[in-house]
Amino acid sequence: MRVLLVEDEPDLGRALERTLKREKYVVDWVMDGTQAWQFLENDWTQYTVAIFDWLLPGTSGLELCRRLRAAQNPLPVLMLTAKDRMEDRVMGLDAGADDYLIKPFGMAELLARLRALQRRSPHMQPPQLQVGSLILDYSTSTVSISIPGKYPESILLTAKEFQLLEYFMQHPNQILSRDQIISRIWQAEADFNSNVVAAQMRLLRRKLAEYGYNNLIETVYGMGYRLNPHEA
Ligand code: CA
């Protein structure tokens, strides 16, 4: 699940990013409304939900909402705002925000609001994603194996392993390049090191191999990686 987070206060942005990542969201954090609009125009469908601060440099969160809805875009939006006057809240909702949180707020409340938005949204993630005998469970962030009588286990995954496997399971049989994987999983992470992809792939494969999935994700030399659905 990917979140577009638009917040120009560095401390709050960092805290939100950390909290969301711990909950296994992929987070694209931008501090500027104009840049946020570029991300949305580029491909809004990659996002499950967007979090907009109201007051932003460039384009305001309110304006981002208006533009999304003017374009008939259903992406769920949670607005963050220090404004707590009734008429401001009405303005935010009229602009197309699905919900709002008044600063300061607790992270537990933010996460609960996000879950509620995802449940209500027609655009929300399915609770499970299945390829062959592998079932990715969003509620527990695990992969379970559904071969009757054989493997009742769930494979526990780290946040990054979960995101990687999710990406492959969403695109079975398709070659995903290193650059595509980076931009999906690590985009907007400043401390990214390019060796990380290969290292993470090794960890994920090793974990899958423990359960007999030795060739589930193949290396396609010079091109990238591919999940072979016949091995699932
Ligand atoms: Ca702000």
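This is a dialogue on reading some features of a predicted model.

Visitor: Which residues are the protein donors of the calcium ion?

Guide: Start with the atoms around the ion. The protein donors are D8 (OD), D53 (OD) and L55 (O), lying 2.1 to 2.3 Å from the calcium ion. Along the sequence, these donor residues follow the spacing D-x44-D-x1-L. D8 belongs to the loop between β1 (2-6) and α1 (10-22), and L55 to the loop between β3 (49-53) and α3 (61-70), so the pair ties together parts that are 47 residues apart in sequence.

Visitor: How is a pair of aromatic rings described?

Guide: Two values are used, the distance of the centres and the angle of the planes. Here the count comes to 1 aromatic pair. The ring centres of Y167 and F168 are 6.5 Å apart and the planes lie at 50 degrees, so the pair is tilted. Y167 is buried, with a relative accessible area of 8%, and F168 is buried too, with a value of 0%.

Visitor: What lies over the face of W37?

Guide: That is R67, at 5.3 Å from the ring centre of W37.

Visitor: At what angle do the axes of helix α6 and helix α8 cross?

Guide: For two helices, look at the axes and then at the residues that meet. The axes of α6 (residues 159-170) and α8 (residues 196-209) come within 10 Å and cross at roughly 80 degrees. The two helices are therefore roughly perpendicular to each other. On the α6 side, K160, E161, L164, L165 and F168 take part, and they meet Q200, M201, L203, L204, K207 and L208 in α8.

Visitor: Which residues does a cis peptide bond join?

Guide: The backbone angle to read is omega. A cis peptide bond joins K103 and P104, with omega about -5 degrees. P104 sits in the loop between β5 (99-102) and α5 (107-120).

Visitor: Where is Q72 found, and what is the phi of Q72?

Guide: Q72 is in the loop between α3 and β4 (77-81). Its phi is near 60 degrees, a positive value in a residue other than glycine. Q72 counts as exposed, at 70% relative accessibility.

Visitor: What is the phi of N173?

Guide: Phi of N173 is near 75 degrees, a positive value in a residue other than glycine. N173 lies in the loop between α6 and β10 (175-176) and counts as partly exposed, at 45% relative accessibility.

Conventions: Residues are numbered from 1 along each chain as its sequence is written. This is a predicted model: local features need pLDDT of at least 70, side-chain atom pairs count only at pLDDT 80 or more; totals for chains, interfaces and linings use all residues. Side-chain values use heavy atoms; hydrogens and water are left out. Donors are N, O and S atoms within 2.8 Å of the metal (3.2 Å for Na, K and Ca); water is not among the atoms, so sites may look incomplete. Helices (H or I, at least four residues) and strands (E, at least two) are DSSP runs, numbered from the N terminus. Rings of Phe, Tyr and Trp (its six-membered ring) pair if their centres lie within 6.5 Å; planes under 30 degrees apart count as stacked, over 60 as edge-to-face and the rest as tilted. Buried means under 20% relative accessible area, exposed over 50%, partly exposed in between (1.4 Å probe, protein chains only). A charge sits over a ring if NZ of Lys or CZ of Arg is within 6 Å of the ring centre and within 35 degrees of the ring normal. Axes are lines fitted to C-alpha atoms, for helices over the stretch in contact, and angles run from 0 to 180 degrees between N-to-C directions. Angles under 35 degrees count as roughly parallel, over 145 as roughly antiparallel, 65 to 115 as roughly perpendicular and the rest as oblique. Contact means heavy atoms within 4.5 Å.
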